[in-house]
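Here are a few exercises to work through with the model open beside you. Try each task before you read its solution.

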Amino acid sequence: MLSLTKAHAYGNDFLYVREDAVEGSDLAALARELCERHEGIGADGLVVYTPTPDGASMRLFNADGSRAEISGNGVRALGAILVRGVAEVGAQVVVTTEAGPKPLTRTAVVGSRQTFRAAMGLPRDLRRASVRVGEEELALVVMDIGNPQVVLLGPLPDRARFARLG
């Protein structure tokens with residue numbers, strides 16, 4: 001029997017398992033099996049973690065078994081798991097990832113929902129770019145904070161434009 005926790009943040013869902021529970025396992029294969037949405041539990045990735053005195057260290061396996069240095073949503077959800085028995089709103093933990101340590105501060109608790117501020121660090125490969133989507137030229141900022149990120153510059157798109165661009 002394998003003890004897992006499933007958590008989500010902003011549209012990403014992850015499975016969390018302690019490192020000592022899967023020691024000696026092929027973690028890439030385990031991620032593919034568990035994260036498969038039709039025959040497994042279903043998730044965007046598997047986070048294997050080890051508690052530390054100030055929080056935890058973690059490794060992230062994507063649903064296809066590949067590795068990722070970090071996921072901001074995955075880090076914050078692990079923070080919520082680590083402090084779920086702590087009532088203090090300002091609870092702090094550090095999650096050590098393959099992209100470095102990420103300090104987290106819980107800023108709110110409403111029922112079982114927790115909100116965190118995460119210090120993700122400075123981005124690498126920061127640059128402006130543009131891309132054509134249909135008939136529209138989009139101004140972007142591209143960066144890497146352990147995984148690639150893109151920020152669309154300009155006003156927030158309305159629903160129709162968002163659906164068209166997506």
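**Exercise 1: the helix inside**

In α2, the residues Gly-72, Asn-73, Gly-74, Val-75, Arg-76, Ala-77, Leu-78, Gly-79, Ala-80 and Ile-81 are buried. Keep in mind that this is a predicted model.

Task: work out why α2 is described as largely enclosed by the rest of the structure.

Solution. Start with the cut-off: a residue is buried when its relative accessible area is under 20%. Next, take the tally for the helix: 10 of the 11 residues of α2 are buried, so the helix is largely enclosed by the rest of the structure. For background, 40% of the protein's 166 residues count as buried.

**Exercise 2: the core**

Task: find which residues of the largest nonpolar core touch the most other members, and which element gives the most to this core.

Solution. Begin with the members. The core has 25 residues, and Tyr-16, Val-47, Tyr-49, Met-58 and Leu-78 touch the most other members. Then go to the elements: β2, β3, β4, α2, β6 and β10 each give two or more residues. Of the contributors, α2 gives the most, with 5 residues.

Now zoom in on Tyr-49. Setting aside neighbours within four places in sequence, Tyr-49 is in contact with residues including Tyr-16, Met-58 and Leu-78. Its contacts also include Val-17, Ile-81 and Leu-82. Val-17 itself belongs to a second, separate core of 12 residues, which also includes Leu-30, Leu-34 and Leu-46.

**Exercise 3: two hairpins**

Task: for the hairpin of β1 and β2 and the hairpin of β10 and β11, say how many residues sit between the strands and which residue has a positive phi.

Solution. Take β1 and β2. They pair in the antiparallel sense over 5 bridges, and His-8 stands opposite Asp-13 in β2. There are 2 residues between these strands, and Tyr-10 in the turn has a positive phi of about 45 degrees.

Move on to β10 and β11. They run antiparallel and are joined by 5 bridges. This hairpin has 3 residues between its strands, and Gly-146 takes a positive phi near 105 degrees.

**Exercise 4: one aspartate**

Solution. With the cut-off for burial at under 20%, Asp-144 counts as buried because its relative accessibility is 18%. Beyond neighbours within four places in sequence, Asp-144 is in contact with Pro-123, Arg-124 and Asp-125.

**Exercise 5: stepping back**

Task: count the helices and strands, and give their order.

Solution. The count is 3 helices and 11 strands. From the N terminus on, they run β-β-α-β-β-β-α-β-β-β-β-β-β-α. Finally, the C-alpha trace spans about 55 × 40 × 30 Å along its principal axes.

Terms used
Residues are numbered from 1 along each chain as its sequence is written. This is a predicted model: local features need pLDDT of at least 70, side-chain atom pairs count only at pLDDT 80 or more; totals for chains, interfaces and linings use all residues. Side-chain values use heavy atoms; hydrogens and water are left out. Buried means under 20% relative accessible area, exposed over 50%, partly exposed in between (1.4 Å probe, protein chains only). Helices (H or I, at least four residues) and strands (E, at least two) are DSSP runs, numbered from the N terminus. A nonpolar core is a set of buried Ala, Val, Leu, Ile, Met, Phe, Trp, Tyr and Cys residues joined through side-chain atoms within 4.5 Å. Contact means heavy atoms within 4.5 Å. Two strands pair if DSSP finds at least two bridges between them.
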